Amino acid sequence: MTVSVPPLAIAPSESGRRGIPAGGALEASSSAREVARAWESFAAGEDIETGVRPEILASWYRCRDRYEVDRTLDVAPGARGDDVQRLDNGVIFTTLGGLGALAGREVDHDGAVVTVADGDGRVLGAWGDPSAQRRAELHNLAPWSSWSEQCTGTNGMGTSLEVSGPVTVTGPEHWCEAFHRWSCAGISIRDVVTGSPVASINISRWNAALSELVPAWLTKAAACVEQEIYRRAIYEADKVISEFNRKCDQVAEPFLAMDRGGNVIAANDEAVTLLGLTPGSGISAGATEPAKRWTPDIPGLPEVVRWAKERAQGPARWSGYACLPVSPGEDATPVTLRPVLDSDHVVGMLCLFGVRDGEPYEERVEAAVGPLPRRIVGIRNERLVLLAPSEIRYAEADRNIVWLNTERGRMQAATRGLDNIERSLMSCGFSRVHRRFLVNLRRVAELERGIKGELFLIMDPRSHDSVPVSRRQAPELRRMLGI
């Protein structure tokens with residue numbers, strides 16, 4: 001693979017140095033002092049709304065309330081020794097290692113360190129200024145350590161794994177006080193099939209700011225690696241479609257093929273009819289492009305797919321089945337899953353409806369729901385908005401970004417992924433009425449039928465703001481609303 005990235009400028013430009021005292025010390029600027037005061041207040045248990053960038057404040061909330069990271073930590077903990085199988089680790093980390101080494105040579109005299117981590121924040125390699133590397137090693141910013149947010153708090157590598165795009169963390173924006181003299185920027189590399197992070201590349205500089213060009217360089221570097229992941233996703237889809245076509249003539253039942261993320265790549269006519277897809281939608285012919293794949297709206301299917309991938313790592317001819325509510329208003333339908341393997345790795349699943357074959361799926365018992373969250377955090381005009389669940393009418397997913405329609409207007413949720421928002425609000429009267437919509441049932445004002453009998457929820461009669469209901473969810477919704 002040929003990697004082409006622009007030259008890396010670590011040190012700030014002369015215009016970027018204005019306002020930074022001689023030596024580039026981070027703690028001397030007025031903005032850094034403001035962030036440091038906010039950090040002291042927040043870490044002491046107080047809530048703040050201004051003076052800190054929204055993505056940093058959202059990270060602080062995770063560190064304090066979810067991960068409970070010790071802010072007095074001065075050395076990153078060691079990485080766990082378990083070996084988690086991920087997407088073509090060898091190719092990805094070899095490519096990232098080349099980028100890291102290339103960047104390390106360019107920053108050799110700029111007091112900077114370039115690090116590469118896996119999707120769990122475990123550092124795999126470090127390059128750069130030898131003196132900066134020795135200083136970084138005092139904090140365990142080196143291989144065999146863990147810099148996930150859960151382990152080490154807000155930092156370039158760990159925080160980049162929580163969000164998409166480049167992330168900068170400067171001085172006292174770090175959750176742990178011992179890292180307040182560092183400035184860092186990181187970006188995650190994500191699997192185009194599942195959306196999950198598989199790696200991160202980060203640049204850190206001691207007691208000085210980074211150039212404003214660093215995020216653009218990181219974006220280009222991540223894009224180079226994700227091109228290889230994209231090519232691999234196309235290759236995997238071709239393997240799954242080939243296996244689907246080979247088996248298709250042998251079955252009369254509804255039959256479809258899914259990628260590793262549970263997205264439909266191909267389906268026969270019976271499956272198209274069963275799932276309510278438009279005939280000739282492209283799924284029938286096979287959707288190799290990740291953006292053209294379709295996520296089925298079948299409750300419980302994502303958990304079953306994850307279970308099947310785990311179980312399929314064993315016997316080569318494994319199969320398993322689960323009973324799922326495929327059709328609204330009807331009894332659960334048996335669904336059999338059979339893995340498609342490539343070099344002993346699961347690259348997809350063949351899914352047969354109405355058939356019980358192999359190991360039965362036993363639903364995992366979830367832990368009891370804990371206390372309701374104190375707030376849901378939204379982002380508007382570079383500020384975090386703290387929302388009570390009752391203020392939210394509905395949440396809408398745009399891929400991994402979630403938009404909140406609230407009493408205070410429409411805004412982006414600080415938490416990514418509609419599933420994560422649903423877990424936070426499931427005990428507050430919210431219900432998933434569509435794969436893209438989560439609704440506060442207490443705020444439903446009216447119901448409306450479309451021309452073809454489809455159902456819409458009117459959330460605000462004044463604006464006629466409506467939410468579509470999937471036909472699969474309509475019977476359960478009527479039951480919950482008592483109609």
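In the hairpin of strand 20 and strand 21, which residue takes a positive phi near 55 degrees? His464 does, and that hairpin has four residues between the strands. One caution before I go on: this is a predicted model.

Let me stay with strand 20 for a moment. Strand 20 covers residues 455-460, and five of its six residues are buried. So much for cover; now the partners. Strand 21, residues 465-469, is joined to strand 20 by five bridges, and the two run antiparallel. To find your place in that pair, take Leu457: its bridge partner in strand 21 is Val467. Strand 19, residues 446-449, also pairs with strand 20 in the antiparallel sense, over four bridges. There, Glu448 stands opposite Phe456 of strand 20. Strand 19 and strand 20 form a hairpin too, with five residues between them. In that turn, Gly453 has a positive phi of about 90 degrees.

Now another hairpin. Strand 12, residues 376-380, and strand 13 run antiparallel and are joined by five bridges. Gly378 has Val385 of strand 13 as its bridge partner. Two residues lie between the strands, and Asn381 takes a positive phi near 55 degrees. Four of the five residues of strand 13 are buried, so strand 13 is largely enclosed by the rest of the structure.

Next, the cores. The largest nonpolar core has 36 residues. Which of them touch the most other members? Phe42, Ile48, Val52, Leu57, Trp60, Trp147 and Trp175. Several elements give two or more residues to this core, including helix 2 (30-43), helix 5 (130-138), strand 1 (112-118) and strand 13 (383-387). Helix 3 gives the most, with seven residues. Take Ile48 as a close-up. Leaving out residues up to four places away in sequence, Ile48 touches Ala38, Ser41, Phe42, Leu57, Trp60 and Tyr61. As background, nonpolar side chains tend to be buried together in soluble globular proteins.

On to helix 10, residues 301-311. Its buried residues are Leu301, Val304, Val305, Trp307 and Ala308. Seen down the helix 10 axis, they fall within an arc of 160 degrees, so they line one face of the helix. What do those buried residues pack against? Strand 6 (255-259), strand 8 (320-324), strand 9 (333-342), strand 10 (345-353) and strand 11 (359-360).

Ala132, Gln133 and Ala136 are its buried residues. Down the axis of helix 5, they fall within an arc of 100 degrees, so these residues also line one face. Just after helix 5, Asn140 takes a positive phi of about 65 degrees.

His139 is worth a stop. It sits in the loop between helix 5 and helix 6 (149-152). Is His139 buried or exposed? Buried, with a relative accessible area of 14%; the cut-off for buried is under 20%. A polar atom of the His139 side chain lies 2.9 Å from the backbone oxygen of Asp74. Not counting residues up to four places away in sequence, His139 touches Asp74, Val75, Ala76, Trp147, Ala178, Phe179 and Trp182.

Strand 3 and strand 4 pair over four bridges in the antiparallel sense. Thr170 has Ser183 in strand 4 as its bridge partner.

Terms used: Residues are numbered from 1 along each chain as its sequence is written. This is a predicted model: local features need pLDDT of at least 70, side-chain atom pairs count only at pLDDT 80 or more; totals for chains, interfaces and linings use all residues. Side-chain values use heavy atoms; hydrogens and water are left out. A nonpolar core is a set of buried Ala, Val, Leu, Ile, Met, Phe, Trp, Tyr and Cys residues joined through side-chain atoms within 4.5 Å. Buried means under 20% relative accessible area, exposed over 50%, partly exposed in between (1.4 Å probe, protein chains only). Contact means heavy atoms within 4.5 Å. A polar contact is a pair of N or O atoms within 3.5 Å; within protein, one must be able to donate a hydrogen and the other to accept it, and residues adjacent in sequence count only if both atoms are side-chain atoms. The arc is that of the directions from the helix axis to the C-beta atoms. Two strands pair if DSSP finds at least two bridges between them.
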